[in-house]
There are 2 protein chains.
Amino acid sequence: MRDDKDTKNSGDKLSRLVFDRRRFLGSGLLGGLAALAGGRRAEADGLSTSQLVVPPWSHRPGPGVATRAYGQPSPYEKSVIRRFLPWIRPTREASVSFTPLQDLHGIITPNGLFFERHHAGTPEIDPQQHRLVIHGMVEQPLVFRVDELMRFPSVSRIHFIECAGNGAMEQHGAMHNALQFTHGMLSCAEWTGVPLRYLLREAGIRKGARWLLAEGADAAGLARSFPIEKAMDDALIVYAQNGEPLRPEQGYPLRLLLPGWEGVANVKWLRRLEVGDRPWETREETATYTDLLPSGKARQFTFVQEAKSVITSPCPERPMPGRGRFMVEGLAWSGAGRIKAVDVSFDGGRNWRSARLKGLVLDKALTRFEIEWNWQGGQALLQSRAIDETGYVQPTLGQLRAVRGMNSMYHNNAIQTWLIHPSGEVENVQLDV
Amino acid sequence: MRDDKDTKNSGDKLSRLVFDRRRFLGSGLLGGLAALAGGRRAEADGLSTSQLVVPPWSHRPGPGVATRAYGQPSPYEKSVIRRFLPWIRPTREASVSFTPLQDLHGIITPNGLFFERHHAGTPEIDPQQHRLVIHGMVEQPLVFRVDELMRFPSVSRIHFIECAGNGAMEQHGAMHNALQFTHGMLSCAEWTGVPLRYLLREAGIRKGARWLLAEGADAAGLARSFPIEKAMDDALIVYAQNGEPLRPEQGYPLRLLLPGWEGVANVKWLRRLEVGDRPWETREETATYTDLLPSGKARQFTFVQEAKSVITSPCPERPMPGRGRFMVEGLAWSGAGRIKAVDVSFDGGRNWRSARLKGLVLDKALTRFEIEWNWQGGQALLQSRAIDETGYVQPTLGQLRAVRGMNSMYHNNAIQTWLIHPSGEVENVQLDV
């Protein structure tokens with residue numbers, strides 16, 4: 001045991017040196033580098049596996065498979081969870097949980113961490129009993145069981161869903177010092193389902209039909225109107241999420257997916273689609289989910305989640321680990337299509353540099369970006385701005401307020417500012433410029 | 001309650017009619033269609049939401065979010081699980097669980113259902129204690145903590161992993177009447193990690209170095225040699241899987257990913273990479289994971305999982321639901337690159353039709369295909385064959401046996417045959433042609 005402990009300590013020392021060397025590499029202090037590298041080499045040359053700490057898990061077999069029919073995260077990752085706001089008491093009726101964007105990588109949100117918002121809890125629906133009805137201005141009303149829908153040709157696509165209220169409170173000034181709460185009503189998955197147009201063609205749309213109503217089977221009977229053009233474009237009736245059956249809080253067994261459109265329009269636990277000639281003016285498109293403008297008029301049916309981005313590392317939960325080279329990383333997305341570019345500013349928007357887009361750049365999907373930064377310990381104001389393929393540029397909070405005024409809540413896609421303190425701490429500040 | 005029940009029955013009847021109509025549509029029996037559609041229309045015109053069954057979950061709110069920090073599947077999907085073979089008693093030391101491919105959609109395997117194979121159980125590793133050492137023929141041996149690796153520039157890519165033993169028993173004749181067991185040692189995820197070449201450049205490779213050894217921190221100390229060309233190409237040191245931290249059975253906190261190469265080479269719980277001038281000839285590349293040829297010689301280091309495909313619907317677990325139009329669907333993949341095409345035969349390989357590739361077609365990733373089939377209730381022999389971008393064509397079992405003989409176990413990428421019975425049942429048969 002004593003040997004193990006000693007070696008472990010020497011490993012720790014060694015890894016600190018490695019760590020330091022990378023930092024010095026970045027700052028170009030080659031004298032310091034050579035000295036450090038020399039010191040480390042002498043120590044490291046003596047390394048062998050037997051000298052390295054042999055941890056307890058290498059001494060005895062771990063648990064077998066018998067109890068893991070459905071796998072779970074490591075017990076060491078208990079902090080990678082959805083969270084709800086402490087000051088919004090989560091009731092059974094209406095609540096929201098936020099995705100821990102600060103802990104995630106790539107563009108897929110695992111199903112267990114996909115944000116959820118509901119207005120009457122999460123119903124536990126028996127898929128055998130569930131029906132989807134299509135009626136109204138159609139030639140032939142139709143009723144579908146889930147297994148019938150699964151026999152239609154399906155498509156699988158990776159799309160984000162963002163709540164229209166994501167960052168709502170932040171329009172009035174910095175509220176939450178946590179990425180999980182400023183931006184965490186945002187997730188992205190591979191969805192599989194039936195294009196809605198297949199079903200509508202089967203039903204036959206009557207002349208004069210312009211809108212659809214989607215209604216959920218939850219106790220809120222949440223319902224939203226949406227134009228028929230979207231239904232005939234890329235709308236999906238979804239039954240699978242990241243390969244497996246849809247999760248209960250995502251609408252099991254069926255949800256509507258309107259790619260790129262505000263979350264609430266992607267009606268969960270979908271039981272009814274009615275075809276009509278005008279919107280229904282439901283509660284969730286009149287009393288809520290509208291944008292109250294300075295004129296006193298409210299914008300309605302602002303479906304598209306416009307281009308937006310946020311730096312996920314660093315962020316309040318992921319402070320700077322120290323001076324030197326650092327890979328700034330973030331997410332960008334647009335409900336209007338693909339992300340074309342992301343710029344990053346380190347001085348609150350005075351100067352901008354182009355970030356690299358990483359990995360897949362897909363239509364209406366989260367897109368990763370990164371840019372190297374050599375931080376010398378000074379105060380800095382980090383921002384990112386997304387540009388999508390339509391040419392739309394993510395606005396500053398000042399630009400957004402100039403149009404929307406101060407009464408608007410939803411659809412905040414303003415540029416986020418993170419203030420980097422010399423200590424490395426990261427603070428949410430909303431620059432009104 | 002009586003009203004609900006009545007309406008529900010009428011809904012059931014209605015949906016049966018809808019179902020039948022689609023079937024007749026496919027068979028072109030327009031007389032039958034008109035009659036059915038007319039009958040359904042009359043009945044359906046009276047439909048309103050109040051007449052449809054109002055299920056219990058629409059009457060009262062469901063559970064709230066407070067207890068769902070990490071979400072779980074619907075209780076109605078308890079059969080969508082990994083399974084182990086009943087005749088291979090799962091011991092703590094060595095076992096395997098299979099992905100339920102018959103239940104999945106798209107190309108992402110959710111982390112809870114990703115197949116697992118281990119040789120000494122699944123260690124529960126404390127990431128704070130874990131170290132990755134790079135040593136051997138390098139200028140500067142290095143030791144990394146997990147958080148240090150996470151500061152390197154990362155990449156995220158969607159890749160499959162397939163066990164070299166996937167379908168091994170099937171080379172000698174049909175063994176399992178279940179897709180989950182013939183092909184379920186196959187899964188696909190979005191992986192995030194550090195390109196190994198970044199770390200090797202940091203360490204400095206000495207002249208003459210040709211191979212690396214990767215060793216796991218499990219009690220088996222599972223170790224595999226692999227050529228340095230792969231290390232400098234697309235090899236990754238992975239810490240995240242579908243966005244979240246790697247799962248324990250996938251190597252938490254670190255695994256090697258050699259995209260497209262046999263599963264066992266993607267060493268999990270990675271603790272050591274040694275650089276050398278020749279392979280180490282470890283147990284898992286000599287006693288096992290080699291292909292014994294008719295000559296008595298064994299092929300070693302057959303890393304690439306060559307192009308392969310399988311029809312996932314229908315399959316033994318998903319029999320034909322009835323006569324008429326049916327969307328045949330499946331998965332194709334190649335360790336050599338992208339899938340270029342998939343052909344499907346309905347007569348045991350005499351005639352072939354081109355299937356459609358669906359959704360994303362990515363390098364070394366699962367790729368979905370589909371093809372419509374109008375089944376009239378006769379016996380049929382369904383097969384699929386994948387062609388990858390190198391021009392490689394998936395072989396028949398006969399072609400594979402002609403080269404490998406009957407002693408070979410691993411690397412079975414032969415064309416799978418499903419025998420469709422007139423009853424609609426699907427049987428695994430291995431055609432030796």
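These legends accompany close-up views of a predicted model. Local features shown here need pLDDT of at least 70 and side-chain atom pairs count only at pLDDT 80 or more, while totals for chains, interfaces and linings use all residues. Residues are numbered from 1 along each chain as its sequence is written, and chains are lettered from A in the order in which they are written.

**View 1. Chain B meets chain A.** Here 103 residues of chain B are in contact with 103 residues of chain A (contact: C-beta atoms, placed from the backbone, within 7 Å). The chain B side has 47 nonpolar, 30 polar and 26 charged residues (Asp, Glu, Lys and Arg count as charged; Ala, Val, Leu, Ile, Met, Phe, Trp, Tyr, Cys and Pro as nonpolar; the others, Gly among them, as polar).

**View 2. Domain 2 of chain A touches domain 3 of chain A.** An automatic or database assignment sets the domain bounds, with domain 2 at 77–299 and domain 3 at 308–429 of chain A. Each of these two domains gives 31 residues to the contact. On the domain 2 side, helix 4 of chain A makes the largest share, four residues (helices are DSSP runs of H or I, at least four residues; strands are runs of E, at least two; both are numbered from the N terminus).

**View 3. An open sheet of four strands in chain A.** Look for the order 15-16-20-19, with antiparallel pairing (a pair needs at least two DSSP bridges). Strands 15 and 19 of chain A each have a single partner strand, so one side of each is left without a neighbour in the sheet. Five bridges join strand 15 to strand 16 of chain A, and A:I311 stands opposite A:G330.
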